[in-house]
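Dear colleague,

I am passing on the structure below, together with notes on what was found in it. Please read the notes with the model open beside them.

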Amino acid sequence: MNSGLNDDNATLVAAFRSALLHQGIYVLLVFAVLAVAWVSAREWLRPARSSRPAGPEPAWRQLLRIGFGIIWILDGLLQAQPAMAAGLPSQVIEPTAASSPTWVQHVVNWAGTSWSYHPIQAGASAVWIQLGIGVWLIAGARGRWSRLGGLASVAWGLVVWVFGESFGGIFAPGLTWLFGAPGAALFYCAAGALIALPERTWHSPRLGRAVLSVMGLFFIGMAVLQAWPGRGFWQGTLHGHQGTLTSMVGSMASTPQPSVFAGWVSSFGSFSAAHGFAVNLFAVVALAAIGAGLLSAGLPEVGLRAPAPWLIKGTVVAMLVLCLADWVLIEDFGFFGGLGTDPNSMIPMALVVLAGYLALSPAPALAPAAEPATTAAQPATANAEPATTAAQPAAAAQPAWRTQPARLARAFGAASTRVVLAAWAVAIVLIGAAPMALAQTNRNADPIIAQAIDGNAAPLDFKAPAFTLTDQNGRQVSLASLRGKVLLLTFLDPVCTNDCPEIAQEFRGADQVLGASARRVELVAIVANPLYHAIAYTRAFDVQERMTGVPNWLYLTGSLAQLEQVWKNYAIAAQILPAGGMIAHTDVAYVIDASGHTRTELDFDPGPGTASSESSFSVELTQAAEQVMKSS
Amino acid sequence: MSARQAGWAAAGVLAAAVAVAGCGSKPAPSTATPPAPAPPPLATSFASTAGSSWAVVEMGGSAAQEEDFWQLFVLPAGTAKWKLATPLGVADNGGLVVASPGGESLVTGFRPSQLLAYSPLAASSDDGASWSSAGPVNSGLTSAPDALAAGPGGSLIALTSGGAELGQRLGASWTRLSSTRSLAATQAGRACGVSALTGAAFTSSGTPILAASCSRPGVAGIFADRGGSWSAAGPAVPASLDHQDVGVLRLTAAGPGLIALLQAGKNIVAAWYDGTRWTVSAPLHAATLKSTAIGPGGSVGVILNGSHGATLAGPGAAWHVLPALPKWAATLALGSSGQVDAIAANGGTFTDWRLAPAGWSLAQTVHVAIPYGSSS
């Protein structure tokens with residue numbers, strides 16, 4: 001029977017924690033090495049440090065950098081929730097895409113499948129990449145490192161937006177600002193792009209105008225969408241069913257969370273059901289008004305008079321209040337339930353608008369464009385000039401690697417704390433990404449999924465009970481006649497509707513994973529149905545499962561008496577269920593070595609029957625066969 | 001950016017928003033022609049030549065398809081109590097299709113479900129008291145009460161997605177009798193505009209008969225295999241309905257002849273073939289059918305959507321509308337003495353209601369242990 005694979009499966013959760021712990025140790029180790037190296041370089045090489053003044057980072061950029069740095073760190077911590085490794089693809093990624101067009105589902109499900117093939121590596125990589133980007137943004141205040149941090153936010157934000165948020169749901173029919181359209185991660189990208197702008201753009205009010213104008217157009221577009229008839233937002237209830245907004249709020253209220261928050265959301269859902277038209281009218285008017293107010297900030301760019309400052313300020317305050325209300329009452333904070341991946345779109349959106357507002361009146365630049373990280377190293381190099389020059393004759397006679405390390409070490413010693421922290425952040429990202437990248441080169445799933453479903457293989461050592469049965473081609477086959485080959489043996493019902501076809505595919509998959517070694521292996525199934533055991537049925541099953549082209553596949557059957565004896569010898573139960581139920585039989589696989597000894601027993605309930613679980617069982621079977629082949 | 005350019009940009013964004021909104025708005029109502037009438041659900045009952053009654057009903061009441069299992073009940077000749085006779089060993093949550101070769105024999109086909117892609121068969125020669133497995137149909141039986149037909153000498157016709165398969169006897173290999181495409185390419189098929197096979201039967205002399213939905217109005221798609229070529233063998237549709245698309249909902253052997261149920265627009269018509277000619281009933285107004293029943297002597301019973309039912313005593317008789325049916329009525333069962341039963345199925349409870357002058361009265365209840373969870 002199908003046992004399923006729960007999100008909080010103890011094996012997967014333990015493996016996920018273990019992976020995080022191991023990678024966490026590496027992260028701390030890298031930190032320690034960097035710190036020791038940096039302090040050492042400063043103490044021993046005594047590089048000169050920059051004394052050139054740098055202008056202050058504008059407030060808008062600080063807000064974006066630190067704000068989104070904190071959000072990325074929060075997202076990374078949310079990714080470390082126990083259910084994430086197993087649950088993200090099936091509970092978050094695929095449901096998010098369910099109402100989108102087929103092509104979106106294909107794209108998103110591809111990512112979900114990739115994740116589910118290597119859940120531990122994928123889950124851990126998401127944690128470290130997001131923590132790393134967060135630290136990177138917070139640490140890198142200026143210069144190349146800081147701008148690169150912004151670009152990293154854009155890149156990973158796009159990955160999250162496309163695969164994790166199904167393009168923010170912009171292709172799905174229920175698109176609405178109230179529930180986070182066009183996706184939180186798109187604002188992460190926008191913020192990253194702004195952070196990555198060169199310093200020469202920092203001090204012009206045009207940047208603020210551009211940001212507010214774009215956001216203004218966005219709000220107006222969302223107002224039009226919200227007002228569009230026929231989408232169910234104007235009705236609290238419709239023909240006895242909940243309207244679109246009421247239904248969405250209702251589903252959020254059912255998320256596991258502290259009762260006080262559920263109560264707020266639920267109360268708003270009831271209010272929306274009773275006053276659907278008024279709620280939507282308010283949303284449309286508020287979105288349109290905020291959009292118009294923000295758009296007006298761009299008027300000077302088209303030669304018109306700038307609006308009064310109070311208008312922009314008032315609009316931004318109204319937007320912040322609306323975002324906060326939506327975040328609490330409709331988006332329900334976004335991160336509850338054990339599978340919440342981020343605080344949803346309102347906070348990032350508010351940060352972007354607020355940054356745009358602050359950028360309208362930037363602080364004047366105090367110094368020419370300076371890149372501290374680079375500049376900090378420059379004087380050191382400049383100061384070191386005489387020494388370098390003095391060393392020229394020797395250097396000319398030596399390979400570059402003999403001279404470069406000293407220069408690098410001096411440059412490293414001259415780097416600021418922030419640059420060292422940013423370098424550490426990059427290392428965190430790499431520590432997270434590398435195992436996942438490595439796992440992706442393997443097209444087979446991790447065997448831990450099979451172990452999570454059925455536990456570990458049990459080692460055995462006894463002489464396999466003999467049998468003589470008939471294969472799908474009518475030939476007599478005995479256990480003795482298969483001596484010299486490793487046997488993967490299982491018991492299948494040819495008219496089974498779920499587990500047996502999956503197990504057959506797992507055997508077929510194992511044959512493919514074994515590759516050339518498959519010549520030394522025989523895949524053997526014995527019928528496990530006391531009523532339907534004629535050869536016509538083993539043949540029909542083979543055709544159904546495309547096993548006819550597998551040369552080392554044998555599907556054996558015999559008389560009921562013969563089969564019952566084999567079932568007894570191999571401890572197989574085959575129970576006839578009443579009233580239209582299929583045969584309930586033991587799902588098991590044995591590995592029998594070339595000398596006819598049973599060496600391994602694998603519980604073989606195939607679980608949810610997904611591509612990843614099937615592949616995982618194939619790999620588990622292959623590894624068991626290879627182990628027996630090695631030891632025999 | 002000039003004011004003009006900014007205006008165009010704003011208009012562009014608004015247009016995009018409108019387009020996106022359009023993606024989520026309701027689709028326009030379809031103006032396509034309605035599909036050809038499809039066979040009714042598999043719930044049915046029939047009378048064997050030995051006088052036994054059989055009923056096929058779905059039980060379980062679960063929203064999950066794989067948790068609802070089909071059950072076969074028999075009321076053996078000369079007895080008053082229905083008995084559970086579902087063949088064991090195969091999950092029947094995809095549906096059961098039955099065919100009677102005559103006497104106390106019955107062949108049952110299991111429609112594929114979940115990962116099972118072909119149809120196992122079970123045969124009984126003692127009114128369902130015992131069953132043995134028979135050779136499978138190598139692809140799945142279609143969802144039609146007459147997807148399996150049994151003829152003299154043990155021959156069988158099985159309707160599958162590929163077409164009609166002929167087995168000379170139980171357990172023998174299958175050969176292709178016809179496909180939808182090849183039948184549609186015959187002269188008779190072209191006159192009908194065959195769109196799908198809906199049923200199969202044998203005449204008493206063993207001639208294979210196929211039923212199909214026609215895309216040409218006013219043509220009843222019934223075809224006989226006359227020495228390897230297919231010819232039209234259906235009844236003429238009443239003139240009042242000859243502008244409608246006609247679907248053959250049921251086609252089964254009845255005594256020495258055949259009985260067919262036709263749907264023409266929103267009308268149901270029964271037709272009887274006595275070996276030489278067809279007799280056609282008056283139409284019964286009914287948009288869709290919930291189940292059909294074939295009784296002794298060419299009697300017919302139908303349950304319409306809702307709780308309405310009607311019967312026809314046989315050729316030349318008029319439709320008799322029944323009192324409101326009991327709750328959960330799944331099919332009617334017609335007895336040889338004109339007795340009408342309504343078989344109700346709710347969860348694991350099978351209930352037989354008998355029609356008396358005062359209305360429906362409870363005749364029997366059978367509790368069935370539905371194997372919930374066995375296929376999930």
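Helix H19 (residues 499-514) of chain A and helix H22 (residues 611-631) of chain A pack with their axes 8 Å apart, at an angle of about 55°; helices (H or I, at least four residues) and strands (E, at least two) are DSSP runs numbered from the N terminus, while axes are lines fitted to C-alpha atoms, for helices over the stretch in contact, with angles from 0 to 180 degrees between N-to-C directions. The crossing of H19(A) past H22(A) is right-handed, where right-handed means that the near helix is turned clockwise from the far one by less than a right angle, and left-handed that it is turned anticlockwise. Among the residues that meet here are A:Phe507, A:Ala510 and A:Val513 in H19(A), and A:Phe617, A:Leu621 and A:Ala625 in H22(A), two residues being in contact if their C-beta atoms, placed from the backbone, lie within 7 Å. The contact of H19(A) with H22(A) comprises eight nonpolar, five polar and three charged residues (Ala, Val, Leu, Ile, Met, Phe, Trp, Tyr, Cys and Pro count as nonpolar, Asp, Glu, Lys and Arg as charged, and the others, Gly among them, as polar).

Before going further, please note that this is a predicted model, in which local features need pLDDT of at least 70 and side-chain atom pairs count only at pLDDT 80 or more, whereas totals for chains, interfaces and linings use all residues. Residues are numbered from 1 along each chain as its sequence is written, and chains are lettered from A and ligands numbered from 1 in the order in which they are written. Chain A has a mean pLDDT of 85, with 91% of its residues at 70 or more, pLDDT being the predictor's confidence in each residue, from 0 to 100.

Two further helix pairs in chain A deserve a look. The axes of helix H5 (residues 119-139) of chain A and helix H17 (residues 417-440) of chain A come within 8 Å and cross at roughly 165°, and H5(A) and H17(A) are therefore roughly antiparallel. H5(A) passes H17(A) in a left-handed crossing, and the residues of their contact divide into 21 nonpolar, four polar and one charged. Helix H11 (residues 276-295) and helix H12 (residues 309-329) of chain A pack at about 145°, with axes 9 Å apart, and this crossing too is left-handed; the contact of H11(A) with H12(A) has eight nonpolar, two polar and no charged residues.

As for the backbone, the peptide bond from A:Ala181 to A:Pro182 is cis, with omega near 5°, and A:Pro182 sits in the loop between helix H6 (143-164) and helix H7 (184-195) of chain A. A:Ala571, in the loop between helix H21 (560-569) and strand E9 (574-575) of chain A, has a positive phi, near 60°.

Finally, 40 residues of chain A are in contact with 45 residues of chain B. On the chain A side, the elements giving two or more residues are helix H8 (205-227) and helix H20 (535-544), and the residues of that side divide into 27 nonpolar, eleven polar and two charged.

Notes:
Angles under 35 degrees count as roughly parallel, over 145 as roughly antiparallel, 65 to 115 as roughly perpendicular and the rest as oblique.
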